[in-house]
Amino acid sequence: MKKVKIAVLSDIHANIVALEEVLKDAKEQNVDEYIVLGDVITDLPFTNETIDKVKELTPYVIKGNREEYLLTYERTKEDEMWKTMQSNSVICYYKHLSEQNREYIRNLPDNLSLEFEGVKIKAVHGSPYEISELLYFNTPQMDRVFKELEEDILVYGHNHKVAEHQTRFGKTVAQVGVVGMLNKIGKAQYTILECKNTAVEVQTRDISYNKEELKRRIQLRGGVYPEARIWQNLCYYSVVSGEDIRTAFCRQAKKEMLQKYDGKYPERIDTHFDSFDDDVYLKVANQFEKYFLL
């Protein structure tokens, strides 16, 4: 009886070295198809290379919040929200994209409903309700997801948690792991779905990759994007150390903002992340300089 093996990848974040090792393993596992759940780009400086590789790999690709950031900039680039140093680390990714790849991300869907060997798959980035929603097991929101899921299995990423899946009421939900950014195990993760005769089996793959090779490739291509130097260094350190220094940086910057504005955070247009004034951003960057390895 025929079976189909599907590799589900999420949150590559332009980590081309991690992606290459994951694809090498997937080939060894005799994977037939691929689904990519967004956040292909940003955070590391291999923007076009990563998109090009994903485009060659599969037509089953959706937007993540990172792609949505760039499209939001494209639509609203005259807004005041983009006139900060912090925003430059979003804008520069957009500017480094080829026009062909800009068009590619414009046309990515928010989600996909697919079927292989009688197994219906719902593919989302954050949750079935919103690209940027953080979804976790054993929460009321997850209870809602199980109750409302029409397909046999939901696959999602975004939260950068270690891969996990649960089955309830004959439905399966799988958090597929993160390929290219920080997670607790310090390895790239992806998930294989084996679909056969209307049933699905779920397997997590943990893949080691050479973090020094990642640094070598960044240096070989000329280093980090200058406009994103602070953020890309924070991301690289988080990847190689396993310490979430990005969150620590943002927490300290928010603390400085509250002090600057007498305990009340100013209203910002962007709803996805706290926006920091340039003086605060630079002050905290100086405090975190010891973590900058690139």
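## The β3–β4 pair

In this predicted model, β3 pairs with strand β4 (residues 119-123) in the antiparallel sense, over 5 bridges. Two strands count as paired if DSSP finds at least two bridges between them. Helices (H or I, at least four residues) and strands (E, at least two) are DSSP runs, numbered from the N terminus. If you want a spot to look at, phenylalanine 116 stands opposite valine 119 in β4.

## The sheet around it

Strands of a sheet pair through backbone hydrogen bonds, in either a parallel or an antiparallel way. Here β3 and β4 belong to an open sheet of 5 strands with mixed pairing, in the order β3-β4-β5-β7-β6. Its edge strands are β3 (112-116) and β6 (164-168), each of which pairs on one side only. On average, neighbouring strands of this sheet are turned by 20° against each other, direction ignored; the axes are lines fitted to C-alpha atoms, for helices over the stretch in contact, and angles run from 0 to 180 degrees between N-to-C directions.

Threonine 167 has threonine 172 in β7 as its bridge partner. The hairpin of β6 and β7 has 2 residues between the strands, and in it phenylalanine 169 takes a positive phi near 55°.

## Two helices side by side

Now to the helices: α7 (residues 211-220) and α8 (residues 229-241) pack at an angle of about 160°, with their axes 10 Å apart. They are therefore roughly antiparallel to each other (angles under 35 degrees count as roughly parallel, over 145 as roughly antiparallel, 65 to 115 as roughly perpendicular and the rest as oblique).

Which residues make the contact? From α7 come Lys211, Glu212, Leu214, Lys215 and Ile218, and from α8 come Tyr236, Val239 and Val240, where contact means heavy atoms within 4.5 Å. These residues divide into 5 nonpolar, no polar and 3 charged (Ala, Val, Leu, Ile, Met, Phe, Trp, Tyr, Cys and Pro count as nonpolar, Asp, Glu, Lys and Arg as charged, and the others, Gly among them, as polar).

## The whole protein

In total, the protein has 10 helices and 9 strands. Its radius of gyration is 19 Å, close to the 19 Å that the globule rule gives for 294 residues, so the protein is as compact as a globular protein of that length. The radius is taken over C-alpha atoms, and the rule is 2.2 Å times the number of residues to the power 0.38.

## Reading the numbers

Residues are numbered from 1 along each chain as its sequence is written, and side-chain values use heavy atoms, leaving out hydrogens and water. Local features need pLDDT of at least 70 and side-chain atom pairs count only at pLDDT 80 or more, while totals for chains, interfaces and linings use all residues.
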